[in-house]
Amino acid sequence: MKLVVQVRLLPTPEEASALEATLRACNRAATHASQVAFAKDMKDRNRLQKEVYGDLKARFGLSAQPVVRAVKKVVDAYATLRANLRAGNLGPPTCKRYRAAVGTPIGFRLQAAQPFDDRCLSWQYDARTVSIWTVAGRMRGIRFVCSPDQLKTLVAHRKGESDLVCRGGKWFLIATCDLPDPEVYEPVDWIGVDRGIVNLATTSDGTNYQGRRLSRYRRWQARKRAELQKKRSRSARRRLARRKRKEQRHATHVNHRISKEIVSVAQRTGRGIAVEALGGIRERVRLRRDQRGSLSSWPFHQLGQHLAYKACRAGVPFLEVDAAYTSQRCPRCGHTERANRSDRDHFRCRRCGLAGPADVVAGVNVRDRARSAWVLVTAPAPAP
């Protein structure tokens, strides 16, 4: 499995100026290469590199390997755009967003991240320094800081590119680490996880991770955003950007904490983790105006990603099951009816009378579906 490790750089003012100039030059070069690729319809890496290689070196002062990385960044950006167009993520062809994406070349911000490979970036783990190519020459001895666990992961598993990022005046390196996949054990049972807005996660064991504090925090941030947006000043825009990043970090921390606890329980008890497949849920539902903000800020996808990668790293089986009628089906008799769930919090079967918290019942249904699905997943292939 692939994991990213983020470390913070501590450059001197002179080193920071060189790093900033390098990012600007690389992104200007990438924007120029993107314009050439768009004008001549060159989305192939080898053809585009032959077309712009000499021009990028002469005009932007880049050496050979940064030019190659800039061209690769452009090709990857157009590949991502094509994938989004095929998936319909940019709307129908008549949509304004779709026409803008198709009709204009991709541009890169001057502060956008730039990938570096081992030819232009090297790590000195014992000294906790890096050596990196810049437009001002090779910068050696730039200090970085990270936790002992991160350093151990870097030393043992770092592989491939590392991205140089400037965020809020701070410099970071995001390194890709390729960890071996641990052997997944045979589960004795499953933990069904029901994700929601009021309760972020509820397990089939009855453990409930409420989202009230996160919802209050988001409402408070929304009020502060509205106050700053009314000012329409440059300082207000800067403060809005800082608040946005802070809110994202807070929600990510909550999801990390919840997923870590669920995975540890599953690993300790020898069980697997099952969640509902909620892909496309925002396109399937129609919401009132006052509900749109809460659903758009619902971090269910990120929680599922955290559960998946933490389970994979711990060797815990992980499954996504069909989410249809998990909150309306009785786990005892199988009777499915909308009236079984009289309100958001309570479930009562109209046939057998089984009653309980609605989210716990949904988690039990997810667990039962995982039991059936795992039998199909692990069944031997039929003989030809």
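The exercises below, each with a worked solution, concern a predicted model of a protein chain.

**Exercise 1. Overall picture and confidence**

Describe the make-up of the chain, and find which element has the lowest mean pLDDT and which the highest.

*Solution.* Begin with the inventory: the chain holds 11 helices and 14 strands, and its C-alpha trace spans about 80 × 50 × 50 Å along the principal axes. Of the contacts between residues at least 6 apart in sequence, 63% join residues at least 24 apart. Then turn to confidence: the average pLDDT of the chain is 89, and 93% of the residues score at least 70. Among the elements, the lowest mean pLDDT, 64, belongs to helix H8 (residues 281-284), while the highest, 96, belongs to strand E4 (residues 129-134). Where pLDDT is low, the predicted coordinates should not be read in detail.

**Exercise 2. The nonpolar cores**

Work out how many residues the largest nonpolar core has and which residues have the most contacts inside it.

*Solution.* The largest nonpolar core contains 53 residues, and those with the most contacts inside it are Leu9, Leu48, Trp123 and Leu164. Helix H1 (residues 13-40) gives the largest share of this core, namely 11 residues. Apart from this core lies another, of 18 residues, which includes Ala201, Tyr209, Ala251 and Ile273. As a general background, nonpolar side chains in soluble globular proteins tend to be buried together.

**Exercise 3. Two helices against H3**

Decide how H1 and H2 are each oriented relative to H3, and name the residues through which they meet H3.

*Solution.* Start with H1 and helix H3 (residues 64-87), whose axes come within 9 Å and cross at roughly 55 degrees. Because angles of 65 to 115 degrees count as roughly perpendicular and those under 35 as roughly parallel, this angle makes H1 oblique to H3. The crossing of H1 with H3 is right-handed. On the H1 side the contact is made by Cys26, Asn27, Ala30, Ala33, Ser34, Ala37 and Phe38, and on the H3 side by Ala70, Lys73, Val74 and Tyr78.

Now take helix H2 (residues 45-60), whose axis comes within 10 Å of that of H3, the two crossing at roughly 135 degrees. Since only angles over 145 degrees count as roughly antiparallel, H2 is also classed as oblique to H3. H2, too, passes H3 in a right-handed crossing. Here Arg45, Leu48, Gln49, Val52, Tyr53, Leu56 and Lys57 of H2 meet Ala64, Val67, Val68, Arg69, Val71, Lys72, Val74 and Val75 of H3.

**Exercise 4. Buried, partly exposed or exposed?**

Classify Thr129, Arg128 and Arg232 by their relative accessible area, and say where each residue lies.

*Solution.* Thr129 is found in strand E4, and its relative accessibility of 12% is under the 20% cut-off, so Thr129 counts as buried. Beyond residues up to four places away in sequence, Thr129 touches Ser122, Trp123, Gln124, Gly141, Ile142, Arg143 and Phe144.

Arg128 lies in the loop between strand E3 (121-124) and E4, and with a relative accessible area of 29% Arg128 is partly exposed. The phi angle of Arg128 is near 55 degrees, a positive value in a residue other than glycine.

Arg232 is placed in the loop between helix H6 (212-231) and helix H7 (234-269), and because its relative accessible area of 74% is over the 50% cut-off, Arg232 is exposed. For Arg232 phi is near 60 degrees, again a positive value in a residue other than glycine.

**Exercise 5. Distance in sequence and in space**

Find how far Ala277 and Ala323 are apart in sequence and in space, and do likewise for Thr336 and Gly168.

*Solution.* Ala277 belongs to the loop between strand E11 (272-276) and H8. Ala277 and Ala323 are 46 residues apart in sequence, while their C-alpha atoms are 5.8 Å apart. Neighbours within four places aside, Ala277 is in contact with Glu320, Val321 and Ala323.

Thr336 sits in the loop between strand E12 (318-321) and strand E13 (346-348). Thr336 and Gly168 are 168 residues apart in sequence and 51 Å apart from C-alpha to C-alpha. The contacts of Thr336, again leaving aside neighbours within four places in sequence, are with Tyr325, Gln328 and Arg329.

Conventions
Residues numbered from 1 in each chain as written. Heavy atoms only, no water. Core = buried A, V, L, I, M, F, W, Y, C linked by side-chain atoms within 4.5 Å. Buried < 20%, exposed > 50% of the residue type's maximum accessible area, 1.4 Å probe, protein only. Helix = DSSP H or I, 4+ residues; strand = E, 2+ residues; numbered from the N terminus. pLDDT = per-residue confidence, 0-100. Axes fitted to C-alpha atoms, helices over the stretch in contact; angles between N-to-C directions. Left-handed = near helix turned anticlockwise from the far one by under 90°. Contact = heavy atoms within 4.5 Å.
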